[in-house]
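Please open the model in your viewer and keep the sequence panel beside it.

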Amino acid sequence: MTPEIRRARTAFWWVGVIVPGALIVLAAVIVLAWLPDIPDPAAIHWGLDGADGFAPRWTPLVMLIGLGGGIVAMFAIIVLVSHRLPPRGSGGPLPQSQWSTTARLLGAAGLAMAGLMSMLAITTTGSQRGLSDANEAPDITLWVPVIVAIAAGLGVIGWFAQPKVPVASVASADPAAPLPLADHERAVWMKTVNVARSGQVVLGISVFFTVAVSVLLLARGIAAGWIVAGITVVLVIVVATGLSFRVRASTAGLRVRSVAGWPRLEIAAADIASARAVQVDPFAEFGGWGYRIGTDGRRGFVLRTGEALEITRTDGRVFVVTVDDASTAASVLASAASR
């Protein structure tokens, strides 16, 4: 681990874990101390005519710890797990340790979320202290822009409090030589690639968390639950269609298709200028797993760290798919392109 990455990792721990955790704990202590002084049920939602949503008075505390703390923990798990994925394959040298802009962003987002949830919990609880009926709770709508501004400010501070770590360059591999074939011979190469096990764990936790939050909100009759439910449905579809892909290289060209049938991509042999095996770090170079656009403009299906097949098209666009034995696939495609 380089000194730059060590500093970035330490900064992430402070910005994305320690400080957000301290904010949530402090806010939870304050809310817990105020709970005996507020009505039960308490107001948790305000409309044009004042308070119009009610729930047990401990609801803000549960939302603070469950939603706020859960999101901070989820971001931390994503960053710390994804940046320890071991390299696979043998397509060339890969730096043993990388850090990404995504990690920096998630650290700042965790701090912003902790500030947002802490301020909301304190505001909604504090505004009802001393009331006997939650219908008398004063409107907190005017506080919402202030709370959002504070959260955004914390996010900006969290971003600049973490150092920028450039992605270590990897020596480019030479284009693959065509697979030697007789005129009457044809070659077909096929592999299935899955999201890394660590990625499956992180994505599974993310889906479970959003499902749990949407169920909790809908069970309490909170309208925002439908928004979270919609996000959950989209997330489930994206995860289900992006966990596993079949890769096929032949005289026709390259075909990459999700096991679910979609998404899919095909590159005809006539459109291939060159093919080679490279090494890829999903978060450092592409910002995550799935269909991604890299920091250098490359696009592709990036499912795990390690060996990948890189295709340069005749129009200059570059496509990448992480897969084992990429060097053989590159040779098959080079042979198809030369014909």
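**First stop: a helix**

Select residues 59-82, which form helix α2, a run of 24 residues that reaches 33 Å from its first C-alpha to its last, close to the 34 Å expected at 1.5 Å a residue; that expected span is 1.5 Å times one less than the number of residues. Helices here (H or I, at least four residues) and strands (E, at least two) are DSSP runs, numbered from the N terminus. Because 17 of the 24 residues of α2 are buried, the helix is largely enclosed by the rest of the structure; buried means under 20% relative accessible area, with exposed over 50% and partly exposed in between (1.4 Å probe, protein chains only).

**A word on the model**

This is a predicted model, in which local features need pLDDT of at least 70 and side-chain atom pairs count only at pLDDT 80 or more, while totals for chains, interfaces and linings use all residues. Residues are numbered from 1 along each chain as its sequence is written, and side-chain values use heavy atoms, leaving out hydrogens and water.

The pLDDT, the predictor's confidence in each residue from 0 to 100, averages 84 over the protein, and 91% of the residues score at least 70. Now select residues 85-96, where pLDDT stays under 50. Where pLDDT is low, the predicted coordinates should not be read in detail.

**Second stop: a sheet of four strands**

Next, find the open sheet with the order β3-β4-β5-β6 and antiparallel pairing, where two strands pair if DSSP finds at least two bridges between them. Its edge strands, each pairing on one side only, are β3 (189-194) and β6 (264-268). Select β5 (residues 253-258), which is joined to β6 by five bridges, and then R255, whose bridge partner in β6 is E266. Helix α8 (residues 326-338) packs on this sheet and touches β3, β4 (244-250) and β5, a contact being heavy atoms within 4.5 Å.

Which order do the strands of the five-stranded open sheet follow? The order is β7-β10-β11-β9-β8, and the pairing is mixed. At its edges lie β7 (272-280) and β8 (290-293), each of which pairs on one side only. Select β9 (residues 299-302) and β11 (residues 318-322), which run parallel and are joined by three bridges; G300 has V320 as its bridge partner in β11.

**Last stop: the whole protein**

Finally, show everything: the secondary structure comes to eight helices and 11 strands, and buried residues make up 47% of the 339 residues.

Definitions and conventions: Axes fitted to C-alpha atoms, helices over the stretch in contact; angles between N-to-C directions.
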